[in-house]
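Hi everyone, thanks for making time.

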Amino acid sequence: MTAQTSTTRTSPAPVRFPHDFVWGMATASYQIEGAVAEDGRTPSIWDTFSHLPGAVLNDDTGDVACEHYHRMPSDVALLADLGATSYRFSVAWPRVRPDAGPVNAAGLAFYDRLVDQLLSHGIAPWLTLYHWDLPQVLEDAGGWTNRDTAHRFVEYAVSVHEALGDRVPTWTTLNEPWCSAFLGYTAGHHAPGRQEGAAGLVAGHHLLLAHGLATQELRSRGADRLGLSLNLTVPDPSDPDDPADVDAARRIDGLHNRFFLDPIFRGSYPADVLEDTAGRTWQDRPWLDVVRDGDLDAIAAPIDVLGVNYYHGNEVSGHPRTDVVGVGADHPARVAHSPFPGSEHVTFPSRGLPLTAMGWEIQPEGLHRLLRRLHDDYPHLPIYLTETGAAFDDRLDDDGRVHDPDRIAFLDAYLRAVHDAIEEGVDVRGFFQWSFCDNFEWAFGYAKRFGLVHVDYATQRRTPKSSAHWYAGLARTGTLPAPPAADD
């Protein structure tokens, strides 16, 4: 879709962030590494899924991606040149423990070298253990609908921590379990591509259990900065005076936000979510039967930081609507299923806001409200924006540069929302731009570009975009400059 530049800004003045604010960039293993069959790595669910005809736009795969596995030292040097003070990366489970078996020294050595390279450039490593590349052999045994997968995850987490725990300060267990559970097992838009209704609820519980058990185990081994990254939304009723729309907003808040926040911070699933999903069964039994004694205590193991991934909120309606905007990760070549079991009737009308190339609304004020809501409703923890960013139709110009003023305007608006929240007492300590470089964008393949750095996939040439230079200046000064006039 055509990018628009009329992003609303909350203030025209320069603003300064705290001196110790973290300025990061983020990636994920399957999206950039390539080398999917090298040094002992075995298939993940995304290797399998991306090779299914029609599963990914243009039948793209992550087989080569950005060749980061072979270009890692120069990529880290580029991160340093662009002023990153922290780098959020994920470890590929099937590279470290192929087929969920014994530790693969060659695969683990890659991340050992990566951490050393980051530290040598003064960049703090921020490690994510699971960014969706489940070993295929575990999916063959049921994947996240199989309780045993949570225990295999703990084994894997311990293996990584034993190798890197002396140098990596921050450990994220899971990235966006909502996507893993509901896009992967209910909607089928993401790997493993299952469209099995309540399977997403079961997978969501086992993902949370994996998080809790791994948190307990790593804590016992000396880790003291543990957390996870949740992709959260801000659902607004289309008509605040219409009970059906108000109920729709409650339902989406429940399944998208509180299904994860409440077990982690309150040790229980929300009562209204359990009521909404009470009729959903898994293997001919109520889905809630998978929750065993002690599970919620484990899930509520204390964490030290909360990662928040936010791209946009949504207007929601309890009525059929045709004027809808993008919500999940479906593409036109794949049949869409609702990722919300028990609330499949909810629709997502357009508000007429500017859109990114993903068809997602640009809504910085939603980020401000989300941060305030977390501060007001949940225990106060340091919050890091572990992902936000935007895809636009970036192209190399004749001058060999990539000019992306829309991305700069997007980041300016979202960062001003963060600064406003900080000024109001919300403890936000860092911002990770998604993403460092263009990469394999899951179900959209290589059709969508989120990077600060342009990647020519034919040559693997990296070209920092104008937003990269803008972000580098911000990272070095901590000051968000006044935005240019609209006609500049």
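Let's start at Thr128, which is buried, because its relative accessible area is 1%. By buried I mean under 20% relative accessible area, with exposed being over 50% and partly exposed in between, using a 1.4 Å probe and protein chains only. Before I go on: this is a predicted model, so local features need pLDDT of at least 70, side-chain atom pairs count only at pLDDT 80 or more, and totals for chains, interfaces and linings use all residues. Residues are numbered from 1 along each chain as its sequence is written, and side-chain values use heavy atoms, with hydrogens and water left out.

Back to Thr128, which sits in strand S4, residues 124-130. Helices (H or I, at least four residues) and strands (E, at least two) are DSSP runs, numbered from the N terminus. What does Thr128 touch, not counting residues up to four places away in sequence? The list is Arg88, Phe89, Ser90, Val91, Thr172, Leu174 and Asn175. Contact here means heavy atoms within 4.5 Å.

Pick Ser90 out of that list. Ser90 belongs to strand S3, residues 86-90, and is buried too, with a relative accessible area of 2%. Beyond its neighbours within four places in sequence, Ser90 has contacts that include Thr27, Ala28, Tyr111 and His131, as well as Thr128. Trp287 is 197 residues from Ser90 along the chain, and their C-alpha atoms are separated by 30 Å.

Okay, zooming out. The protein chain has 15 helices and 16 strands. Why does a radius of gyration of 21 Å agree with a compact globule? Because with 488 residues, such a globule would come out near 23 Å. That radius is taken over C-alpha atoms, and the globule rule is 2.2 Å times the number of residues to the power 0.38. The C-alpha atoms fill a box of roughly 60 × 60 × 45 Å along the principal axes. Of the 488 residues, 63% count as buried. And if you take contacts between residues at least 6 apart in sequence, 79% of them join residues at least 24 apart.

Now the aromatics. How many aromatic pairs does the structure hold? There are 40. One of them is Phe17 with Trp23, edge-to-face, at 5.1 Å centre to centre and 80° between the planes. For the rule: rings of Phe, Tyr and Trp (its six-membered ring) pair if their centres lie within 6.5 Å, and planes under 30 degrees apart count as stacked, over 60 as edge-to-face and the rest as tilted. Phe17 and Trp23 are both buried. Ring pairs also link a cluster whose members include Tyr30, Trp46, Trp132 and Tyr457.

Last stop, the backbone. Most residues other than glycine have a negative phi, and most peptide bonds are trans. Here, the bond from Ala191 to Pro192 is cis, with omega near 10°, and Pro192 is in the loop between helices H8 and H9. Trp434 to Ser435 is also a cis bond, with omega near 5°; Ser435 is in the loop between strands S13 and S14.

Then phi. Asn58, not a glycine, has a positive value of about 65°, and Ala100 has one near 60°. Buried or exposed? Asn58 is exposed, at 60% relative accessible area, while Ala100 is buried, at 17%.
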